[in-house]
Amino acid sequence: MSFQPTPTDVSVIISTASSGPGTESGPSIATERRVTPSWTVSQLKGKLETMTGIPPGNQKLLLKSPGKQDQWIEGDERLVGEWGLTRGCEIEVHDTRPPSARPNFSDLSSVEKYELPTETYEALPNSVLAWKKANKLGRFDPNAQTPEQLMQAQAAKDQEEVQKRDVNTSLGITVSARAIILPSSPPHVRRGTIRYVGPVPEIPFPGLKGKVDNQEGPLPIWVGIELDEPTGKNDGSIGGKRYFECLDKRGVFVKPDKVEVGDFPPLDLDDELNDAMEEI
């Protein structure tokens, strides 16, 4: 096969087969690179090693050209251009090593993790921690509230929200009232019946460890709702304590400001069909 060397590079796709030669599995990586046709096959394999991690002696190259039959590129001293490289063709690199001899770079379980000691991190001058200290942000703010204070403020906010709704009894957050969870927009409207209104110590509060009932003062209020459809997160129990009875995936606990009470009858089949037709 005669070939006249040319310095013109050809842009080809380099990929690696996920298994050995002749398998039908797809490539695990694919990238576009420029290849000089005057390179020898040995030179090409040396460059492909840095991309694929496969030693040249264990590489088997398959050339895929549009409209042509696939060809194995063989003969380390032959020039790559002899196989008629064209723009858009693909060189698929196959690893001839047995799977047990191939390094698994995706398995991180055997990689030793480095953890920066707390003392070293706190001493760094250019860390996020140092920036927060310099700007007195977060826990370094002398006026910042403690997690306990934030929880009490949340409890007061929840209580105010519930009392504000109770002024209008038809819209009050009370057990057995019908409600939807905000934000809701058709056709994704979660509606159901309120089954519980009160504290749920099993739900953690940011910054506090363990149950929140270990703290002094009022506790945040949660609204337990039995949903009409199985789009919830529990069966009315949480942390091993039951607050109301419902089927699995029908129960959910939300904050009072995420609840809208009103005349929201359960959806029947005709309503669902009408909603589907409106979407079409």
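Is S176 buried or exposed? S176 is exposed, because its relative accessible area is 51% and the cut-off for that class is over 50%. Keep this residue in mind; we will come back to it in the last points. Please remember throughout that this is a predicted model.

1. **The chain as a whole.** Let's begin with the overall picture. The protein chain contains five helices and twelve strands. Of its 280 residues, 33% count as buried. The accessible surface comes to about 17,700 Å², and carbon and sulfur atoms account for 52% of that. Now look at contacts between residues at least 6 apart in sequence: 59% of them join residues at least 24 apart.

2. **The largest nonpolar core.** This core has 18 residues, and the members that touch the most others are L44, L61 and I91. Two or more residues come from each of these elements: β1 (10-17), α1 (41-52), β3 (59-64) and β5 (90-95). A second, separate core holds twelve residues, including I173, A179, I181 and V254.

3. **A look around I91.** Once its neighbours within four places in sequence are set aside, I91 is in contact with V12, I13, I14, S15, L44, L61, L62, L63 and I73.

4. **Two lysines over tryptophans.** Here are two arrangements to find by eye. K47 lies over the face of W39, at 4.8 Å from the ring centre. K60 lies over the face of W72, and here the distance from the ring centre is 4.7 Å.

5. **Aromatic rings.** The whole structure has three aromatic pairs. In one of them, the ring centres of F244 and F253 are 5.7 Å apart and the planes meet at 55°, so this pair is tilted. An angle over 60 degrees would be needed for edge-to-face, and one under 30 for stacked. F244 counts as buried because its relative accessibility is 6%, under the 20% limit. F253 is buried too, with a relative accessible area of 10%. Together with Y196 and Y243, these two phenylalanines form one aromatic cluster.

6. G224 is found in strand β8 (residues 221-227) and counts as buried, at 0% relative accessibility. Leaving out neighbours within four places in sequence, its contacts are T193, I194, R195, Y196, F244, V252 and F253. Three of those names, Y196, F244 and F253, belong to the aromatic cluster. G224 and G236 are twelve residues apart in sequence, and their C-alpha atoms are 7.2 Å apart in space.

7. **G88, a glycine in a loop.** G88 sits in the loop between β4 (71-73) and β5. With a relative accessible area of 42%, G88 is partly exposed. Setting aside neighbours within four places in sequence, G88 is in contact with S11, I13 and P66. The C-alpha atoms of G88 and S65 are 7.4 Å apart, although 23 residues separate the two along the chain.

8. **Strand β6 and its partners.** In a regular strand the side chains alternate between the two faces of the sheet. In β6 (residues 178-181), R178 and I180 point one way while A179 and I181 point the other way, and all are buried. β6 runs antiparallel to β7 (residues 191-199), joined by three bridges, and R178 has T193 as its bridge partner in β7. β6 also pairs with β12 (residues 259-261), again in the antiparallel sense and over three bridges. There, the partner of I181 is V259.

9. **A cis peptide bond.** Most residues other than glycine have a negative phi, and most peptide bonds are trans. The bond from L182 to P183 is cis, with omega near -10°. P183 lies in the loop between β6 and β7.

10. **Positive phi angles.** K136 is not a glycine, yet its phi is positive, near 55°. K136 lies in the loop between α3 (128-135) and α4 (147-166). And here is S176 again: its phi is about 85°, also positive although S176 is not a glycine. S176 is in the loop between α4 and β6.

Notes
Residues are numbered from 1 along each chain as its sequence is written. This is a predicted model: local features need pLDDT of at least 70, side-chain atom pairs count only at pLDDT 80 or more; totals for chains, interfaces and linings use all residues. Side-chain values use heavy atoms; hydrogens and water are left out. A nonpolar core is a set of buried Ala, Val, Leu, Ile, Met, Phe, Trp, Tyr and Cys residues joined through side-chain atoms within 4.5 Å. Buried means under 20% relative accessible area, exposed over 50%, partly exposed in between (1.4 Å probe, protein chains only). Helices (H or I, at least four residues) and strands (E, at least two) are DSSP runs, numbered from the N terminus. Contact means heavy atoms within 4.5 Å. Accessible areas come from the Shrake-Rupley method with a 1.4 Å probe; for residues, only the protein chains shown count as cover. Rings of Phe, Tyr and Trp (its six-membered ring) pair if their centres lie within 6.5 Å; planes under 30 degrees apart count as stacked, over 60 as edge-to-face and the rest as tilted. A charge sits over a ring if NZ of Lys or CZ of Arg is within 6 Å of the ring centre and within 35 degrees of the ring normal. Two strands pair if DSSP finds at least two bridges between them.
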